[in-house]
Amino acid sequence: MFRTLNLKPLAILFVCAFSAPTLLFGQSDEQPATNWRVRRAQVESEWIDDLKQLGTWCEENGLQEQMQETYQWYLHRDPERTYIFLPGEEGFAPAGEGITGQWQSQMDELRRQHAARILELARQAAAEDAGTDAFRFLNEVLYYDPDHEAVREMLGHRKTDEGWRVASDRIRSKVENRKKQVLMDWPAGSWVSVNSPHFNISSQAGEEATIELARKLERWHGVWRQMFFEFWSRPANVRRWIE
């Protein structure tokens, strides 16, 4: 089963659920591999306590809307599922003033603290050569702390005046007025070419629609990179990034 859940504008969460057969083997001297899904789920206890405390503070100060938003940051994690987070371009929004600004500042700080816990898991996973899990954890760090500069640099993001540049944001397009599309036999001026970091698209659907397709393809490429890390990188690379 494969389904998509929208949690926040910062990220899209993709969930893959699967069941594995039970296999019986003889005794072995090798240590069993760490189940990083279970380890990740165990980290939630401190996060839940933090959210409860902030939620109680909101209730005491009459901030019902903020209390609900606080609790929405908790996601029940199923150890048998793989969770994938795609970092966005935006960082933390300004906290503002007044009591709602106080809540925003506290919420942002709790997110940074939780991101630090996940980054520590990434370090541990990388040290055990669990590159896939470590790489996923790095992406999740940015869901909670979108301004974590070190992790942004590890994942190849670049900071600009408008925010963070990721693959889906580096897209160029032009109308081909002087060039015929030989493969499709399209005359000059009837098609556009759109180039993104991982795709080159020729299209007669119009510039806006083709750019949107490129953005979606880049996001799916981000999913692919996390699901099939071993196809394009090695655990030693993640370990080197973190070190």
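A salt bridge is a side-chain nitrogen of Lys or Arg within 4 Å of a carboxyl oxygen of Asp or Glu. In the predicted model described here, the side chains of R40 and E140 meet in such a bridge, with an N to O distance of 2.8 Å. The protein has 8 helices and 8 strands, and 41% of its 243 residues count as buried.

- Side chains of opposite charge can pair when their charged atoms come close.
- A search of the whole structure finds 13 salt bridges.
- The bridge between R40 and E140 links distant parts of the chain, since R40 belongs to helix α1 (residues 36–42) and E140 to helix α5, 100 residues apart.
- R40 has a relative accessible area of 1% and is therefore buried.
- E140 is likewise buried, because its relative accessible area is 2%, and the cut-off for buried is under 20%.
- E140 also forms a salt bridge with R77, at 3.1 Å from N to O.
- This second pair again connects distant parts of the chain: E140 is in helix α5, whereas R77 is in the loop between α3 and β3, 63 residues apart.
- Both E140 and R77 are buried.
- R40 has a further salt-bridge partner in E44, where the closest N and O atoms are 2.6 Å apart.
- E44 and R40 are both buried.
- Through shared partners, these salt bridges join R40, E44, R77 and E140 into one network.

**Nonpolar cores**

- The largest nonpolar core holds 38 residues, and M107, L138 and V238 have the most contacts inside it.
- Elements that each supply at least two residues of this core are α2 (44–60), β3 (81–85), α4 (98–127), α5 (131–144), α6 (149–154) and α8 (235–242).
- Helix α4 provides the largest share of this core, with 10 residues.
- A second, separate core has 5 residues, among them I171, V194, I211 and A214.
- Apart from residues up to four places away in sequence, M107 touches W47, L51, L54, T70 and W73.

- In helix α3 (residues 64–72), the buried residues are Q66, M67 and T70.

**Q113 in helix α4**

- Q113 is located in helix α4.
- With a relative accessible area of 34%, Q113 is partly exposed, as the range for that class runs between the limits of 20% and 50%.
- Q113 and W47 are 66 residues apart along the chain, and their C-alpha atoms are separated by 8.7 Å.

- S196 is found in the loop between β7 (192–195) and β8 (200–203).
- S196 counts as buried, at 11% relative accessibility.
- When neighbours within four places in sequence are left aside, S196 is in contact with R170, I171, A214 and E218.
- Of these contacts, I171 and A214 are also included in the second core.

**The surface**

- The protein exposes about 14500 Å², of which carbon and sulfur atoms supply 49%.
- W224, F228 and F231 form a nonpolar patch on the surface, and together they have about 350 Å² of accessible area.
- W224 lies in helix α7 (residues 207–227).
- At 35% relative accessibility, W224 counts as partly exposed.

**Contacts along the chain**

- Among contacts between residues at least 6 apart in sequence, 57% join residues at least 24 apart.

Conventions:
Residues numbered from 1 in each chain as written. Predicted model: local features only at pLDDT ≥ 70, side-chain atom pairs only at ≥ 80, totals over all residues. Heavy atoms only, no water. Core = buried A, V, L, I, M, F, W, Y, C linked by side-chain atoms within 4.5 Å. Buried < 20%, exposed > 50% of the residue type's maximum accessible area, 1.4 Å probe, protein only. Helix = DSSP H or I, 4+ residues; strand = E, 2+ residues; numbered from the N terminus. Contact = heavy atoms within 4.5 Å. Patch = residues over 30% accessible without salt bridge, like charges linked within 9 Å, V, L, I, M, F, W, Y side chains within 5 Å. Areas by Shrake-Rupley, 256 points an atom, 1.4 Å probe, with all protein chains shown as cover.
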